[in-house]
Amino acid sequence: MIVDDGREVVIRVRELAKSFGNHQIWESLSLDVYRGEILAIVGGSGQGKSVLMRVITGLAQPDSGVVTLFGQDSNSLSSEARLDIEKRWGILFQDGALFSSLTVMQNIQVPMREHLDLPQSMMDDLAFLKLSMVGLPPNAAHKFPSELSGGMRKRAGLARALALDPEIVFLDEPTAGLDPIGATEFDHLIRKLQQTLGLTVYMVTHDLDTIFTVCDRVAVLADRRIVRTGSPTELQHKPDHPWIEEYFCGERARAASPAEERRVVG
């Protein structure tokens with residue numbers, strides 16, 4: 001366990017470098033993720049926000065650098081130890097990334113079948129529980145992804161991410177493609193689940209409403225590294241980088257006002 005100022009660091013990234021061909025995405029990128037926080041990763045197009053999430057979760061490899069997961073160096077993990085750690089998180093990819101040939105219930109049960117040895121009846125009960133947790137009705141269990149709306153697919157994908165009762169949930173653009181009402185409802189759901197389950201949430205997003213509504217801290221990717229971390233209001237009121245100023249204070253940013261006066265998710 002790594003402790004920083006009394007907070008447990010569940011993910012520690014140090015000096016990561018990554019390139020694709022001649023294109024250098026990051027160099028000397030460092031970041032800490034604290035237990036129980038909702039952290040937003042923001043940055044311009046091509047800065048490698050989603051790639052960073054994939055590297056942290058082991059779906060891609062960096063050129064150099066160290067990723068420490070729950071106090072363990074990911075480079076030195078055995079296959080069995082890596083599997084044990086992967087059980088401790090869930091991932092929601094864009095648009096849910098559900099298997100189109102499986103029903104919602106079968107999708108939720110994929111991690112259970114891979115990692116647990118449970119009778120079918122128990123997996124069915126657990127799948128219905130996860131559906132209820134994300135606000136989907138029981139009859140959604142037997143639908144295929146093509147029969148769901150975009151918002152329902154995201155909720156179903158989130159139910160699958162929660163299948164193994166993870167400590168960390170990774171979200172990749174969770175409100176992308178949703179209308180404002182659907183996005184607000186999803187924000188409420190994320191905050192409720194985080195508070196109820198004690199989750200750590202690592203979120204790649206560009207949605208300023210989501211950032212100001214539910215995120216405790218923001219990490220800004222620019223210039224091939226994390227250039228700044230802080231609360232949304234800190235970044236808005238003290239932008240010390242051109243991209244931060246444009247993003248948090250530009251024409252398309254939310255009107256400047258204290259976070260306490262914004263709509264609060266409880």
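Which residue's side chain meets that of Lys 87 in a salt bridge? In this predicted model, the partner is Asp 84, at 3.9 Å from N to O. The pair counts as a salt bridge because the cut-off is 4 Å. Both residues are partly exposed. Lys 87 has 29% relative accessibility, and Asp 84 has a relative accessible area of 40%.

The salt-bridge count comes to 10. In one, Arg 35 bridges to Glu 167, with the closest N and O atoms 3.1 Å apart. This pair joins distant parts of the chain, 132 residues apart. Arg 35 sits in the loop between strand E3 (23-34) and strand E4 (38-43). Glu 167 sits in the loop between helix H5 (150-161) and strand E8 (168-172). Arg 35 is partly exposed, at 34% relative accessible area. Glu 167 is also partly exposed, at 23%. Both residues belong to a network of salt bridges that also links Glu 8 and Arg 88.

In the other pair, Arg 217 bridges to Glu 37, with a closest N to O separation of 2.8 Å. Again, distant parts of the chain are linked, here 180 residues apart. Arg 217 lies in strand E10 (residues 217-222). Glu 37 lies in the loop between E3 and E4, the loop that also holds Arg 35. Buried means under 20% relative accessible area. Arg 217 is therefore buried, since its value is 12%. Glu 37 is buried too, because its relative accessible area is 7%.

Helix H6 was examined end to end. The helix covers residues 180-197, a run of 18 residues.

Several H6 residues are buried. Among them are Gly 182, Ala 183, Phe 186, Leu 189, Ile 190 and Leu 193. The buried residues also include Asp 187, Arg 191 and Gln 194.

Both ends of H6 have a local feature. At the start, a side-chain oxygen of Asp 179 comes to within 2.9 Å of the backbone nitrogen of Ile 181. Just after the helix, Gly 198 adopts a positive phi of about 70°.

Key:
Residues numbered from 1 in each chain as written. Predicted model: local features only at pLDDT ≥ 70, side-chain atom pairs only at ≥ 80, totals over all residues. Heavy atoms only, no water. Helix = DSSP H or I, 4+ residues; strand = E, 2+ residues; numbered from the N terminus. Buried < 20%, exposed > 50% of the residue type's maximum accessible area, 1.4 Å probe, protein only. Expected span 1.5 Å × (residues − 1). Polar contact = N/O pair within 3.5 Å; in protein donor to acceptor, adjacent residues only side chain to side chain.
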